[in-house]
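Q: Hi! Could you walk me through a few local features of this one? I'd like to ask as we go.

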Amino acid sequence: MTDNVTHVTHPLVQHKLTLMRQTDTSTAVFRQLLREISQLLAYEVTRGLPMTTKRIDTPLEPMDAPVIDGKKLALVSILRAGNGLLDGVLELIPSARVGFVGLYRDEETLKPVQYYFKVPTELEDRLVIAVDPMLATGNSSVAAIDLLKEAGAKNIRFLCLLAAPEGIARMQEAHPDVPIVTAAIDSHLNENGYIVPGLGDAGDRMFGTK
Ligand code: URA
């Protein structure tokens with residue numbers, strides 16, 4: 001099951017995640033931790049990017065120094081909770097282009113319906129990193145990646161904070177070509193689609209809503 005899943009077990013990530021899970025962690029601290037953890041996860045999700053060299057002058061002598069190759073990568077936030085991850089990743093990759101996908105769940109069909117879609121041009125030439133803190137049922141993540149592929153994206157990675165085994169399985173079935181990077185793989189989903197033990201509603205916790 002975990003072939004294309006990277007579980008980031010770094011002590012800093014795990015420690016911060018534990019603080020985020022705790023019920024008594026305030027909105028302000030939750031947000032700050034999310035910012036810090038998303039930078040650490042950004043480090044992992046960008047591993048193995050194609051590199052080239054560029055000729056530069058150091059104070060001592062010229063050298064061919066490594067730089068990331070290709071077009072600026074695209075970060076795509078799956079609204080609304082994706083924005084919490086987006087901010088931290090953008091701090092680490094400030095030149096990235098940014099897109100947004102908004103989906104809501106139709107109460108009758110229970111299927112995700114698109115209400116907003118705005119992504120950078122030339123998606124086919126960019127590495128696209130889709131961000132959503134919670135990979136729960138996988139329905140909205142799969143739908144968002146369907147839309148990104150329809151818009152031309154060919155090289156997509158998915159970054160989340162917590163994943164349920166059910167969500168990973170759904171993503172792997174629908175999009176086996178999309179690697180997943182996560183800080184934790186939790187036990188299961190409950191009857192309301194929440195990740196257990198999880199951290200509750202990520203959007204509510206980061207934005208202080210209920
Ligand atoms: N979305 C959340 O915010 N939390 C969950 O546990 C599942 C989906």
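A: Happy to; what follows is a chat about a predicted model, taken topic by topic.

Q: Great, let's start with rings. How many aromatic pairs does the count come to?

A: The count comes to 1 aromatic pair. The partners are Tyr104 and Tyr115, with 6.5 Å centre to centre and 35° between the planes.

Q: What do you call that arrangement of Tyr104 and Tyr115?

A: The pair is tilted. The angle of 35° falls in the tilted class because stacked needs planes under 30 degrees apart and edge-to-face needs over 60.

Q: And where do Tyr104 and Tyr115 lie?

A: Tyr104 is in strand S5 (residues 97-105), while Tyr115 is in strand S6 (residues 112-118), so their pairing ties together parts that are 11 residues apart in sequence.

Q: Which residues form the nonpolar patch on the surface?

A: Tyr104 and Tyr115 are in that patch together with Tyr116. The three have about 340 Å² of accessible area together. Tyr116 is also found in strand S6, and its relative accessibility of 40% makes Tyr116 partly exposed.

Q: Switching to the backbone: which peptide bonds are cis?

A: One of them runs from Leu79 to Arg80, with omega near -5°. Another joins Val196 and Pro197, where omega is about 0°. As background, most peptide bonds are trans.

Q: Where are Arg80 and Pro197 placed?

A: Each is in a loop. Arg80 is between strand S4 (74-78) and helix H3 (82-92), and Pro197 is between strand S14 (195-196) and helix H6 (202-207).

Q: What about phi of Glu122?

A: Phi of Glu122 is near 50°, a positive value in a residue other than glycine. Most residues other than glycine have a negative phi. Glu122 lies in the loop between S6 and strand S7 (127-131), and Glu122 is partly exposed, at 38% relative accessibility.

Q: Last topic, strands. In what sense do S2 and S3 pair?

A: Strand S2 (residues 51-57) and strand S3 (residues 62-68) pair in the antiparallel sense, over 7 bridges. S2 and S3 form a hairpin, and 4 residues lie between them.

Q: And which residue in S3 is the bridge partner of Arg55?

A: That is Asp64.

How values were computed:
Residues are numbered from 1 along each chain as its sequence is written. This is a predicted model: local features need pLDDT of at least 70, side-chain atom pairs count only at pLDDT 80 or more; totals for chains, interfaces and linings use all residues. Side-chain values use heavy atoms; hydrogens and water are left out. Rings of Phe, Tyr and Trp (its six-membered ring) pair if their centres lie within 6.5 Å; planes under 30 degrees apart count as stacked, over 60 as edge-to-face and the rest as tilted. Helices (H or I, at least four residues) and strands (E, at least two) are DSSP runs, numbered from the N terminus. Patches are made of residues with over 30% relative accessible area and no salt bridge: like charges are joined within 9 Å, nonpolar side chains (Val, Leu, Ile, Met, Phe, Trp, Tyr) within 5 Å. Accessible areas come from the Shrake-Rupley method with a 1.4 Å probe; for residues, only the protein chains shown count as cover. A salt bridge is a side-chain nitrogen of Lys or Arg within 4 Å of a carboxyl oxygen of Asp or Glu. Buried means under 20% relative accessible area, exposed over 50%, partly exposed in between (1.4 Å probe, protein chains only). Two strands pair if DSSP finds at least two bridges between them.
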